[in-house]
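Welcome, and please take a moment to look over the model shown here.

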Amino acid sequence: MAIRKRHLLIGIAALPVAAVVFAWLGIFNVAATGGHWQITNWFLHFAMRSSVRTYALGVKVPPRDISLLQPAAGHFAQGCAFCHGAPGVPPSPAALAMLPTPPNLSGVIGEWTDAQLFRIVRHGVRYTGMPAWPAPERTDEVWAMVAFLRELPSLDARKYHELAEGSAKAATAQETGFDAALAGCARCHGSDGIGRGEGVPILAGQSSVYLRASLEAYAKRKRPSGMMEVAVEQAGGGTFEALAKHYAAQPRPSRAPLAADPALVGRGKEIAERGVPGDGVPACLGCHGGTRKNPAYPNLAGQKRSYLENQLRLFVGGKRGGTAYAHIMAKAVKNLSETDIKSVAGYLASME
Ligand code: HEC
Ligand code: HEC
Ligand code: HEC
């Protein structure tokens with residue numbers, strides 16, 4: 001008995017030595033060209049599926065919101081398609097050489113639930129090159145990407161192009177600097193700055209000081225947004241001034257007053273003009289009104305309602321960030337209730 005125990009201990013102690021000898025002999029092939037052994041491949045994918053399945057159990061699925069569906073498609077075109085390909089778009093040669101090879105997503109989306117896709121897109125997959133969402137706190141953006149992935153299998157090349165690029169003209173190889181950058185922005189904002197979809201803000205006629213400062217904030221990760229972080233990185237800081245001036249100079253679209261619930265809009269007007277004194281919320285128009293004291297304060301008249309609501313929720317939840325003045329705004333609305341968010345966003349959106 002004693003002897004057997006001793007043998008066992010020697011055996012265990014020798015294991016690391018054996019592993020080192022095995023590695024030193026160089027039999028295990030670490031070259032990326034050789035491919036994983038079938039069994040390694042199977043094991044990695046099995047481990048990934050199990051992990052995703054387990055961690056997705058704690059994910060609460062919100063009601064589907066499509067206000068960010070179009071920019072999610074635009075983001076897919078700039079941040080995912082070079083690895084995964086897309087309808088009518090082959091993956092890049094570099095991606096085909098990766099191990100494991102990034103799958104064609106149209107064929108595999110059906111195997112996952114929404115909660116599982118959320119988990120994969122938010123956190124990425126370790127050891128595979130599949131990156132995490134650049135701003136993981138922006139769960140609204142991750143859900144928008146999940147909504148887009150659900151649509152992906154039903155899209156042909158034409159429909160995909162329309163959703164991801166719209167009428168934006170892709171930058172040609174000769175175009176550099178401003179023109180190439182604007183072509184990238186136009187995918188989601190249009191070159192007229194009106195923006196595609198209810199979740200994309202109107203940039204047309206916005207203060208150029210605010211636009212410029214916001215681009216810097218995204219670039220420095222002071223304002224979390226995976227979609228905008230990737231976009232500003234591709235454009236490069238040298239283009240920010242010209243892009244801000246371009247969008248500020250576009251005509252602000254005239255908005256027809258929204259046919260919103262009149263009681264809601266009435267309450268919204270009261271908040272905008274007088275604030276909610278009991279909750280310590282100051283009058284919004286004191287800073288955002290027609291004679292804005294500071295060009296760094298954004299013009300909100302006629303901005304899209306669902307964008308305004310979303311930004312207010314981010315401020316209240318402590319996830320918005322922004323320019324050097326963002327803390328003033330966060331403090332102003334920290335006690336704004338969900339009903340008041342809806343009311344005041346509805347009113348601001350209907351303002352000329
Ligand atoms: C650098 C390359 C790369 C980029 C960029 C990339 N992925 Fe992936 N992705 C991968 C690889 C590799 C896998 C396979 C992981 C595995 O099977 O273990 C993967 C797996 C996935 C899966 C799971 C599919 C399955 O069944 O294995 C989804 C969903 C996914 N990616 C979505 C995205 C989205 C959305 C984006 C853009 C936000 C993106 N990926 C960007 C490389 C990439
Ligand atoms: C993939 C879609 C997409 C692309 C490409 C894109 N944007 Fe955006 N942009 C968005 C979304 C979505 C938001 C709202 C982000 C948030 O929640 O902070 C936004 C926000 C902004 C804001 C903040 C506006 C405000 O009122 O606070 C500015 C400025 C901006 N974008 C400029 C640009 C410029 C310039 C480019 C090109 C370099 C660009 N965007 C490219 C989708 C995009
Ligand atoms: C003390 C001045 C001040 C007051 C009062 C104020 N804000 Fe702001 N607000 C700002 C500043 C400054 C920003 C720009 C934040 C940044 O991105 O750096 C801002 C940004 C915003 C944005 C984001 C706009 C965009 O394009 O992303 C919304 C929405 C907003 N405010 C709504 C409101 C509402 C609603 C109220 C009233 C309940 C209000 N604000 C009161 C100063 C103020």
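In the side chain of His189, a polar atom sits 2.8 Å from a nitrogen atom of ligand 2; a polar contact here is a pair of N or O atoms within 3.5 Å, and within protein one atom must be able to donate a hydrogen and the other to accept it, while residues adjacent in sequence count only if both atoms are side-chain atoms. Please keep in mind that this is a predicted model, in which local features need pLDDT of at least 70 and side-chain atom pairs count only at pLDDT 80 or more, while totals for chains, interfaces and linings use all residues. Residues are numbered from 1 along each chain as its sequence is written, chains are lettered from A and ligands numbered from 1 in the order in which they are written, and side-chain values use heavy atoms, with hydrogens and water left out.

**Ligand 2**

Ligand 2 is surrounded by 25 residues, and His189 is among the closest, along with Cys185, Cys188, Tyr210 and Met228. A residue counts as near a molecule or strand if one of its heavy atoms lies within 4 Å of it. Oxygen atoms of ligand 2 take part as well: one is 2.9 Å from a polar side-chain atom of Arg138, and one is 2.6 Å from a polar side-chain atom of Tyr210.

Which elements each supply at least two residues of this shell? They are α3, α9 (177–189), α10 (208–219), α11 (226–235) and α15. Helices (H or I, at least four residues) and strands (E, at least two) are DSSP runs, numbered from the N terminus. By class, the shell around ligand 2 holds 16 nonpolar, 7 polar and 2 charged residues. In this count Ala, Val, Leu, Ile, Met, Phe, Trp, Tyr, Cys and Pro are nonpolar, Asp, Glu, Lys and Arg are charged, and the others, Gly among them, are polar.

**Ligand 3**

Tyr210 turns up again here, with an N or O atom of its side chain 3.2 Å from an oxygen atom of ligand 3. Of the 27 residues around ligand 3, those that come nearest are Cys284, Cys287, His288, Thr323 and Met329. At least two residues of the shell come from each of α14 (285–288), α15 (305–316), α16 (326–332) and α17 (338–350). The largest share, 5 residues, belongs to α15. The shell around ligand 3 divides into 21 nonpolar, 4 polar and 2 charged residues.

**Ligand 1**

Around ligand 1 there are 23 residues, the closest being Cys80, Cys83, His84, Trp112 and Met130. A polar side-chain atom of His84 lies 2.8 Å from a nitrogen atom of ligand 1. Two or more residues of this shell come from each of α2 (38–56), α4 (81–84) and α6 (114–123). Here α4 gives the largest share, 3 residues. The shell around ligand 1 has 18 nonpolar and 5 polar residues, and no charged ones.

| Residue | Ligand | Distance |
|---|---|---|
| His45 | ligand 1 | 3.0 Å |
| Trp112 | ligand 1 | 2.9 Å |
| Tyr307 | ligand 3 | 2.6 Å |
| Arg320 | ligand 3 | 2.8 Å |

**A helix pair**

Two packed helices are described by the angle between their axes and the distance between the axes. Helix α3 (residues 69–79) packs against helix α7 (residues 139–151) at about 80°, with the axes 8 Å apart. Axes are lines fitted to C-alpha atoms, for helices over the stretch in contact, and angles run from 0 to 180 degrees between N-to-C directions. The two helices are therefore roughly perpendicular to each other; angles under 35 degrees count as roughly parallel, over 145 as roughly antiparallel, 65 to 115 as roughly perpendicular and the rest as oblique.

Among the residues that meet are Leu69 and Phe76 in α3, and Met145 and Phe148 in α7, where contact means heavy atoms within 4.5 Å. This contact has 9 nonpolar, 1 polar and 1 charged residues.

**Backbone details**

Leu99 and Pro100 are joined by a cis peptide bond, with omega about -10°. Pro100 is in the loop between α5 (93–96) and α6. Tyr127 lies in the loop between α6 and α7, and its phi is near 70°, a positive value in a residue other than glycine.
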